[in-house]
Structures are given as structure tokens and as C-alpha cells.
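Try each one yourself before you read the solution.

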Amino acid sequence: MKWIQQISEAIDHFIFPHTCLGCSSDLLKKEDLLCTSCFAQLPFTHFFNQSPNPIEKIFYGRLNLEHAAANLFFTKDSLLQQLMVQLKYRGNKDAGYYLGKLMGLSLQQSEYYQTIDAIIPLPLNAKKEFKRGYNQAQIISEGISIVWNKPILNHAVERLIFTETQTHENRIQRWKNMEGVFTVINEDAIKNKHILLVDDVVTTGATLESCGAEILKIDGTKLSIATVAYTL
Ligand SMILES: [Zn+2]
């Protein structure tokens with residue numbers, strides 16, 4: 001009967017081709033999105049097991065955080081960049097679930113994040129979310145919760161106004177532009193909770209700071225931050 005199984009696997013592979021997103025080689029059944037050798041190339045930061053770390057230092061004197069970490073180093077023309085492009089510009093949610101699951105494993109194994117009560121994906125502005133069809137931070141958060149069983153609070157915080165990406169402005173201008181962009185619309189949902197704020201990338205931290213500051217205004221909240229990638 002083995003040949004029946006082989007044929008059915010072949011048909012399955014023909015209908016649902018499982019190829020590595022990094023190198024396009026055929027994936028083994030136990031492999032998920034990336035083959036073993038591409039997976040081995042991913043540059044993990046190990047910041048989830050390190051405190052203080054460079055991500056926590058970004059927020060020193062700006063936000064009173066419990067902990068913060070990014071899971072992977074971001075470099076140009078890397079496999080990680082490929083995965084992020086898939087998630088943000090090619091409508092490939094699986095890339096986001098995958099990156100989220102990797103982060104969920106790092107969170108699960110860390111001694112610093114065990115008191116987290118709930119996850120909040122950093123809200124995207126409405127125009128971008130409409131264009132993309134989803135918020136990538138939401139997809140990453142869903143990936144996290146597949147392996148690390150924490151609730152996601154989707155409508156506790158809202159992003160108010162549309163701000164253009166201010167890539168050419170300095171940190172102070174960016175911070176000013178981000179002021180008042182986020183508002184907590186469900187205080188009861190986050191009151192007295194340790195919240196994990198999730199986004200795809202951290203660079204200057206201006207957007208995360210703006211959103212995090214609003215969360216910390218609510219009674220008894222504690223805040224930690226987790227991002228997939230860290231780019232200088
Ligand atoms: Zn590969």
C-alpha cells in the first residue's frame with residue numbers, strides 16, 4: 001500500500017507545492033516555509049535572553065519598559081529582508097505567521113516575558129492597512145500566539161491620524177509627528193496588565209514609543225516590546 005501513499009503525496013505536492021521561500025528547493029514534510037539550511041542562516045539576536053540589550057537601550061529615558069527585544073538582525077539583501085518583503089508587499093501572510101512563530105518560541109523560552117498578560121499589535125494607519133489588506137503586526141502576533149498561548153487585544157488601542165513615513169526627518173521631528181497618534185479606546189481591557197507591544201521592525205523606536213506611552217498612562221499597566229527585526 002506504500003505506493004498509494006507515495007502517489008497521494010506526489011499529487012499533494014503537485015497541488016500544493018512546498019518549496020523553500022529562501023532557495024526554492026523542495027521542502028521536507030516536517031519543514032515549515034524554510035528548508036533546514038536556510039533556517040540555519042537566520043541571524044538570531046538572542047536578545048530575548050539578554051537584559052540589558054541594545055533594544056532596551058533605545059528606550060532608555062523614553063519609556064519605562066519591563067523588557068524589550070528583537071528576534072533577528074536585519075540586513076539588506078538577506079533572507080530576512082526577503083521574508084519581510086513577502087509579508088509587507090506581496091500579501092504573503094504565511095511569512096508573517098512564520099516570523100511570529102519563531103518569535104513566540106523565543107518568548108516562550110525567555111525568563112523575562114513570563115508575566116505577559118496580553119499582546120497588542122502596533123496599529124497600522126488605516127490607509128496602509130486598507131492598501132495591504134491586513135496589519136503585518138497583527139499577523140506576527142497571531143503567529144506568536146500559535147506557539148505561545150497569550151490573548152491578542154485587537155481593539156484596545158487605535159491609531160488616529162495618518163502620518164506619512166518621515167524617513168528624512170531627525171528623531172525629534174519624528175517624535176513630535178508621532179505625538180497624539182495613538183489612543184487607548186478600551187482602558188478596562190489593559191488595566192493592571194503586563195502588555196507586550198508587537199511590531200515588525202524597530203529602528204528609532206519613535207512609533208513604538210508613542211503607542212507605548214499611551215498604554216503606560218492606564219492604571220497599573222506594565223509594558224514590554226517585541227519586534228521581529230532590528231535594524232540600525
Ligand atoms: Zn532554503
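The exercises below go from the whole protein to single residues, and the model they use is a predicted one.

**Exercise 1.** Find how many helices and strands the protein has, and what share of its residues count as buried.

*Solution.* Begin with the elements: there are ten helices and six strands. Next, take the 232 residues of the protein, of which 36% count as buried. Finally, look at the contacts with a separation of 6 or more: 74% of these join residues 24 or more positions apart.

**Exercise 2.** Describe how helices H4 and H5 pack, and which residues make the contact.

*Solution.* Start with the geometry: the axes of H4 and H5 are 7 Å apart and meet at an angle of about 125°. That angle makes H4 oblique to H5. As for handedness, the crossing of H4 past H5 is left-handed. Now list the residues: H4 brings Leu83, Gln86 and Leu87, while H5 brings Ala95, Gly96 and Leu99. Sorted by class, this contact has four nonpolar and two polar residues, with no charged ones.

**Exercise 3.** Work out the span of helix H7, which of its residues are buried, and what covers them.

*Solution.* First the span: H7 covers residues 136–147, twelve in number, and reaches 18 Å from its first C-alpha to its last, close to the expected 16 Å. Then the burial: Gln136, Ala137, Gln138, Ile139, Ile140, Ser141, Gly143 and Ile144 are buried. Last, the cover: it includes helices H4 (79–89) and H5 (93–108), along with strands S2 (118–121), S5 (194–202) and S6 (222–230).

**Exercise 4.** Decide whether Met103 is buried or exposed, and find what it touches.

*Solution.* Locate Met103 first: this residue lies in helix H5. Count its neighbours next: 26 other C-beta atoms lie within 10 Å, and a residue with 20 or more is buried, so Met103 is buried. Beyond four places in sequence, Met103 touches Asn71, Ile140, Ile144, Ala226 and Val228. For a distance, compare Met103 with Ala229: they are 126 residues apart in sequence and 10.0 Å apart in space, C-alpha to C-alpha.

Technical notes:
Residues numbered from 1 in each chain as written. Predicted model: local features only at pLDDT ≥ 70, side-chain atom pairs only at ≥ 80, totals over all residues. Helix = DSSP H or I, 4+ residues; strand = E, 2+ residues; numbered from the N terminus. Expected span 1.5 Å × (residues − 1). Buried ≥ 20, exposed ≤ 12 C-beta atoms within 10 Å, placed from the backbone. Contact = placed C-beta atoms within 7 Å. Axes fitted to C-alpha atoms, helices over the stretch in contact; angles between N-to-C directions. Parallel < 35°, antiparallel > 145°, perpendicular 65-115°, else oblique. Left-handed = near helix turned anticlockwise from the far one by under 90°. Nonpolar A, V, L, I, M, F, W, Y, C, P; charged D, E, K, R; others polar.
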